[in-house]
Amino acid sequence: MPKKRRANGRNKPAGARGHVKRVFCESSGALVPKDKAVKRFMVRNIVESAAIRDLQESCAYESYTLPKLYRKVFYSISAAIHSKIVRVRSREARRIREPPRRFRASDRKEKPKA
């Protein structure tokens, strides 16, 4: 029977290790091997956006920056596809192991006004 993915979708070389610890999926609660799970680093404000302005106006300090919430989130493959975190790729595109390019605001160049 043909193999769909090298190392069966796990992040390990072909005869490297047996078992890895399992992590809980964020959305479905399933136990997933840590090297197979889809990992995302979530950075959010602790305060919701509606209350930020009220807090800054009532703050005693002038330039107080609100703390952020940093969290590493794990998803199972099926939950990540269902919640559109990752997409299904074609057979040829599955061979590409490098991550896609990320676009940031600093990468864009401002267009000169004529």
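Is Cys25 buried or exposed? Select Cys25 to start the tour: with a relative accessible area of 4%, Cys25 is buried. Here buried means under 20% relative accessible area, exposed over 50%, and partly exposed in between, with a 1.4 Å probe and protein chains only.

Before moving on, a word about what is on your screen. This is a predicted model, in which local features need pLDDT of at least 70 and side-chain atom pairs count only at pLDDT 80 or more, while totals for chains, interfaces and linings use all residues. Residues are numbered from 1 along each chain as its sequence is written, and side-chain values use heavy atoms, with hydrogens and water left out.

Stop 1: Next, select Cys59, which is partly exposed at 28% relative accessibility. Taking a disulfide as a pair of cysteine sulfur atoms within 2.5 Å, the model has zero disulfides.

**Stop 2: the salt bridges.** A salt bridge is a side-chain nitrogen of Lys or Arg within 4 Å of a carboxyl oxygen of Asp or Glu. By that rule there are three salt bridges.

Show Arg10 and Asp35 for one of them, with an N to O distance of 2.9 Å. Arg10 sits in the segment before E1 and Asp35 in the loop between E2 and E3, so this pair links distant parts of the chain, 25 residues apart.

Now bring up Glu26 and Arg71, whose side chains form a salt bridge with an N to O distance of 3.2 Å. Glu26 is in the loop between E1 and E2 and Arg71 in strand E4 (residues 68-75), so the pair ties together parts 45 residues apart in sequence. Helices (H or I, at least four residues) and strands (E, at least two) are DSSP runs, numbered from the N terminus. Glu26 is partly exposed at 38% relative accessibility, as is Arg71 at 39%.

For another, colour Arg53 and Glu57, which meet in a salt bridge of 3.5 Å, N to O. They are four residues apart in helix H1 (residues 49-58), about one helical turn.

**Stop 3: the largest pocket.** Select Val38, Val86, Arg89, Ile96 and Arg97: of the 30 lining residues, these are the closest to the centre of the largest pocket. The space there is about 1500 Å³. On a 1 Å grid over the protein atoms alone, a pocket is an open set of points where a 1.4 Å probe fits, with protein on both sides within 12 Å along at least five of seven lines, and lining residues have an atom within 4 Å of a point. Strand E3 (38-45) and helix H2 (77-82) each supply at least two lining residues, and E3 gives the largest share, three residues.

Stop 4: Pick Lys84, in the segment after H2. Its phi is near 60°, a positive value in a residue other than glycine. Most residues other than glycine have a negative phi. Lys84 is exposed, with a relative accessible area of 74%.

Finish at Lys3, in the segment before strand E1 (22-24), which is exposed at 57% relative accessibility. Draw a distance from its C-alpha atom to that of Ser58, and you span 61 Å between residues 55 apart along the chain.

How values were computed:
Points joined across faces, edges and corners; volume = space filled by probe spheres on them.
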